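I opened the notebook to look up a few local features in one chain. The entries follow the order in which I checked them.

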Amino acid sequence: MLNQQLEQRRQSAAPRGVGVMCNFYADRAENATLWDVEGRAYTDFAAGIAVLNTGHRHPAIVAAIQAQLERFTHTAYQIVPYESAVSLAERINALAPITGPAKTAFFTTGAEAVENAIKIARHHTGRPGVVAFSGGFHGRTMMGLALTGKVVPYKTGFGPFPGEVYHLPFPNAVRGITVEESIEALEQLFKSDIEAARVAAIILEPVQGEGGFNIAPTALIQALRTVCDRHGILLIADEVQTGFGRTGKLFAMEHHGVNPDLITMAKSLAGGMPLSAVCGRAEVMDAPAPGGLGGTYAANPLAVAAAHAVLDTIAAEKLLERSVQLGAKLQETLNEWREGFPAITDIRGLGSMVAVEFADPATRKPDAGMATCVQKEALSRGLLLLTCGTYANVIRFLYPLTIPEAQFDAALATLRESLQAATAEAAAV
Ligand code: PMP
């Protein structure tokens, strides 16, 4: 009843453009469990869209925020700075896969980090062009949308977007797009649309998040690094969704032995507090003049305190190893079940960034209906799952890496029931 009342109030008070997935309302949450206002418990495999790698309300993070709350909550870092932001930059500089001395600037959202990475890249190179990938997602601000390689629902009706942005096909084994084709498209772009000498940066997600958990092959990242080095172009890794242990490394780029020039990060960086960052080669980061970068809430003290506790927790609880273990277990389990579910067309993952993709068994066309049905069935059984993908036909798994093993196993059993129910529903149509 409470949920229904709140739903009615939301619909008259808030615009429909902020689409909302669930029709129940959060009351409280702890690690991998979320309770709604009517007392129903959900196992949270959405984790606030990849924000809660350390779970809801991790005690160390709550304690860090509480301690900071007792001292000060806002000074505006650009007016009166504080040590915690400096030491967080130092920690990130030491941990991030950047060649040579690194520097870090803080912002508030993932989209803002992306905006600033492009500003920095343009300033450093003095060039306008930016190359991104189809299926990529980089945020809902105007430049974020220009870079995003999916029109519906993100870009529809919102243009014009900032210019000089170009898209390449992202390699995709399911759809038969090879690394060679992506690189060939880049060479063609340099011939037909913009000369390499006018390109400031190439930006990619090492694993596309919203685009379907498509994993960039090492060969792609190596080839991009070579092209960038040849032409003085900067390579930007958007690690907003992949960062902080999701793929089994602190940063997904560490899987490839190739360092980008700039990395954007947000989401699980501060375990639920709004904080984002751009880390990059010091000489690149220092291109904009004082006053060129910033934001009133950038490096919010509570969020910075949380981020320190996140880094401590990832190390103390060996969450990178845990990410690898849980992801392997999930992929193995899905592979064991696969035979019984002909609509499963692909199971893939890097660490705990795991996805299952659906296609119509007869036509092999992407099957968004099946993904939505599995999601709906899981939700009715108390398991919160997210979909993704250019064709919305992928279920992605974003459980907290701190989830207790028994709860993880129970969620897998629920997932199997949900797959069975959705398969039965499809057969009945
Ligand atoms: N980049 C990537 C890779 C993302 O996944 C997202 C959010 N889904 C963003 C940027 C934008 O982040 P935010 O919503 O915090 O602006």
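Predicted model: local features only at pLDDT ≥ 70, side-chain atom pairs only at ≥ 80, totals over all residues.

**Aromatic rings**

I began with the ring pairs and got a count of 10 aromatic pairs. I then looked at one of them, Phe45 with Phe408, which is stacked, with 6.0 Å centre to centre and 25° between the planes. I noted that Phe45 sits in the loop between β3 (41-44) and α2 (47-50), while Phe408 belongs to helix α13 (residues 405-428). The two are 363 residues apart, and the pair links distant parts of the chain.

Next I looked up an open sheet of 4 strands and wrote down its order as β13-β14-β17-β16, with antiparallel pairing. Which strands stand at the edges? They are β13 (344-350) and β16 (386-388); each has a single partner strand, so one side of each has no neighbour in the sheet. On average, neighbouring strands are turned by 25° against each other, direction ignored.

I checked the pairing of β13 with strand β14 (residues 353-358) and found 6 bridges in the antiparallel sense. Ile344 has Phe358 in β14 as its bridge partner. Helix α11 (residues 319-337) packs on this sheet and touches β13, β14 and β17 (394-397). I recorded an angle of about 165° between the direction of α11 and that of β13.

**Cysteines**

I searched the whole structure for disulfides and found 0. For Cys22, the nearest cysteine sulfur is that of Cys373, 16 Å away. Cys22 is buried, with a relative accessible area of 15%. For Cys228, the nearest cysteine sulfur belongs to Cys279, 17 Å away. Cys228 is at 1% relative accessibility and counts as buried.

**Arg175**

Where does Arg175 lie? I placed Arg175 in the loop between β6 (165-168) and α7 (179-192). At 34% relative accessibility, Arg175 counts as partly exposed. Leaving aside neighbours within four places in sequence, I listed Glu357, Pro366 and Tyr391 as the contacts of Arg175.

**Backbone**

I kept in mind that most residues other than glycine have a negative phi, and that most peptide bonds are trans. I found a cis peptide bond from Val152 to Pro153 and a cis peptide bond from Gly159 to Pro160. Pro153 lies in the loop between α6 (142-147) and β6, and Pro160 is likewise placed in the loop between α6 and β6.

I then noted Ala47, in helix α2, with a positive phi near 50°. Phe213 has a positive phi of about 55° and lies in the loop between β8 (207-208) and β9 (214-215). Ala47 is buried at 0% relative accessibility, and Phe213 is buried at 0% as well.

Methods: Residues numbered from 1 in each chain as written. Heavy atoms only, no water. Phe/Tyr/Trp six-rings, centres within 6.5 Å; stacked < 30°, edge-to-face > 60°. Pairing = 2+ DSSP bridges. Axes fitted to C-alpha atoms, helices over the stretch in contact; angles between N-to-C directions. Contact = heavy atoms within 4.5 Å. Disulfide = S-S within 2.5 Å. Buried < 20%, exposed > 50% of the residue type's maximum accessible area, 1.4 Å probe, protein only.
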